[in-house]
Amino acid sequence: MNLSISGQDQPARHELAIDHTRIHCAVVIEPAAGAFCVRANNVAHFLEANLEIAKGIALPWLGAADDRGELGGKTGFGQDCMRGQGVESGAQTTVKRSVVGSHCRLGSGVRIANSVVMDHVTLGDKVSLSNCIVCSNAEVHEGATLVNCQVGDACTVDANAQLKNAAIAQNE
C-alpha cells in the first residue's frame, strides 16, 4: 500500500486490485490543508483509513455541495460518511460510516455500513454491504448481501448473492 501527501486540492484517490493470489491496495491523499498520514498495508487498514477520512478526522470532502447528485426520499447519509459528486440514490437508502465515490448509482433500499464504494459503482435495489470494499466500475445486482468482501474493479456480483469473506476477482 502506498500513501503520499501533497498540497494539491484533490480528494483522496484509492485503488484496490485483486488478482488470483493477492489483493493489492493503494491510497493517495492530497489535502488542501493539514495532514493525515497512516500506514495502510493491508485491506483492513485500507478500509479503516478511508473510514477515518469519512469521519472528518483527516479531511473534509472537497467536492462542490451543489453537484452531489440526486437522493431519493428518506435516504440518509450519516455524518460520518463521505459522498462524492454526482451520486444518485433511490428511496430508503441508508449509508453509515462509509465512503461512496463519485458518480455512483444506488438503488432503493440499499444498506451500506463500514464500507468503501469507489467511483462509478452501481448497486441494485436492496443491496446490503457491511465491511466491504467495492472497486470502481463494479456492479452489484439487486438483493445481493456482502459481508467482509472485496469486489475488484469492473466486477459483477449476481442478483441475490449471499457472500461472506469473499474476494471477487476480475470477470473472466
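The backbone oxygen of Asp119 lies 3.5 Å from a polar atom of the Ser136 side chain, a polar contact being a pair of N or O atoms within 3.5 Å in which, within protein, one must be able to donate a hydrogen and the other to accept it, while residues adjacent in sequence count only if both atoms are side-chain atoms. This is a predicted model, where local features need pLDDT of at least 70, side-chain atom pairs count only at pLDDT 80 or more, and totals for chains, interfaces and linings use all residues. Residues are numbered from 1 along each chain as its sequence is written, and side-chain values use heavy atoms, with hydrogens and water left out.

**Around Ser136**
- Ser136 sits in the loop between strand E13 (133-134) and strand E14 (139-140); helices (H or I, at least four residues) and strands (E, at least two) are DSSP runs numbered from the N terminus.
- With a relative accessible area of 19%, Ser136 is buried, as buried means under 20%, exposed over 50% and partly exposed in between (1.4 Å probe, protein chains only).
- Beyond neighbours within four places in sequence, Ser136 is in contact with Met118, Asp119, Val121, Asp153 and Ala154, contact meaning heavy atoms within 4.5 Å.

**Whole protein**
- The secondary structure comprises 1 helix and 19 strands.
- Of the 172 residues, 44% count as buried.

**The parallel sheet**
- An open sheet is formed by 6 strands in the order E4-E7-E10-E13-E16-E19, with parallel pairing; two strands pair if DSSP finds at least two bridges between them.
- Strand E4 (82-83) and strand E19 (167-168) stand at the edges with a single partner strand each, so one side of each has no neighbour in the sheet.
- Strand E16 (residues 150-151) runs parallel to E19 and is joined to it by 2 bridges, and Val151 stands opposite Ile168 in E19.

**Around Ala91**
- Ala91 is in the loop between strand E5 (88-89) and strand E6 (94-96), and is partly exposed, with a relative accessible area of 31%.
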